[in-house]
Amino acid sequence: MIKPLNDNVLVKKEVIENKTASGIILSAKENTDDNIGVVIAVGDGKLVDGKKVPMTVKVNDKVIFDKYAGNEIEYQGEKYLLISESKIYAVID
């Protein structure tokens, strides 16, 4: 598995399925408009004035992030985004 360093966060973009009332899937598309994903892994935090600042997001948090944030990574056939925590704007409850 990928372990982010410092204040980086590994995010898997959410996939939205379009279904009919009877449950037939019309198509599946990546949810790029809303920039929503699930946190897969987090780094240890960054150093500020020699002190480690802990991360505010945690694994399995559903988050909203900057539209142009991060770098896309493909690992073992899965696509992820590696994003700095400062580019994550909110956690969805």
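Contact here means heavy atoms within 4.5 Å. The model is predicted: local features need pLDDT of at least 70, side-chain atom pairs count only at pLDDT 80 or more, and totals for chains, interfaces and linings use all residues. Residues are numbered from 1 along each chain as its sequence is written, and side-chain values use heavy atoms, with hydrogens and water left out.

**View 1. N35 sits in a loop between two strands.** The loop joins strand 3 (25-30) to strand 4 (36-42). Helices (H or I, at least four residues) and strands (E, at least two) are DSSP runs, numbered from the N terminus. N35 is buried, at 7% relative accessible area. Buried means under 20% relative accessible area, exposed means over 50%, and partly exposed lies in between (1.4 Å probe, protein chains only). Leaving aside residues up to four places away in sequence, N35 touches V63, I64, F65, D66 and K67.

**View 2. Strand 7 (62-65) carries alternating side chains.** V63 and F65 point to one face and are buried. With residues up to four places away in sequence not counted, V63 touches V11, N35, I36, G37, V39, V57, I88, A90 and V91.

View 3. Two strands pair if DSSP finds at least two bridges between them. Strand 7 pairs with strand 4 over three bridges, and I36 stands opposite I64. Strand 7 also pairs with strand 10 (88-92), over four bridges. There, A90 is the bridge partner of I64. Strands 8 and 9 pair over five bridges, with Y75 opposite E78.

**View 4. The largest nonpolar core holds twelve residues.** A nonpolar core is a set of buried Ala, Val, Leu, Ile, Met, Phe, Trp, Tyr and Cys residues joined through side-chain atoms within 4.5 Å. Its members are V9, V11, V39, V42, M55, V57, V63, F65, A69, L81, I83 and I88. Strand 1, strand 4, strand 7 and strand 9 each give two or more residues to this core.

**View 5. K12 and E78 form a salt bridge.** A salt bridge is a side-chain nitrogen of Lys or Arg within 4 Å of a carboxyl oxygen of Asp or Glu. The closest N and O atoms of K12 and E78 are 2.7 Å apart. K12 lies in strand 1 and E78 in strand 9 (78-84), so the pair ties together parts that are 66 residues apart in sequence. K12 is partly exposed at 27%, and E78 is partly exposed at 35%.

**View 6. K3 and D44 form a salt bridge.** Their closest N and O atoms are 3.8 Å apart. K3 lies before strand 1 (8-13) and D44 in the loop between strand 4 and strand 5 (46-48), so the bridge ties together parts 41 residues apart in sequence. K3 is exposed at 51%, and D44 is exposed at 53%.

**View 7. The side chains of K58 and D61 meet in a salt bridge.** The N to O distance is 3.2 Å. K58 is exposed at 54%, whereas D61 is buried at 9%. The whole structure has four salt bridges.
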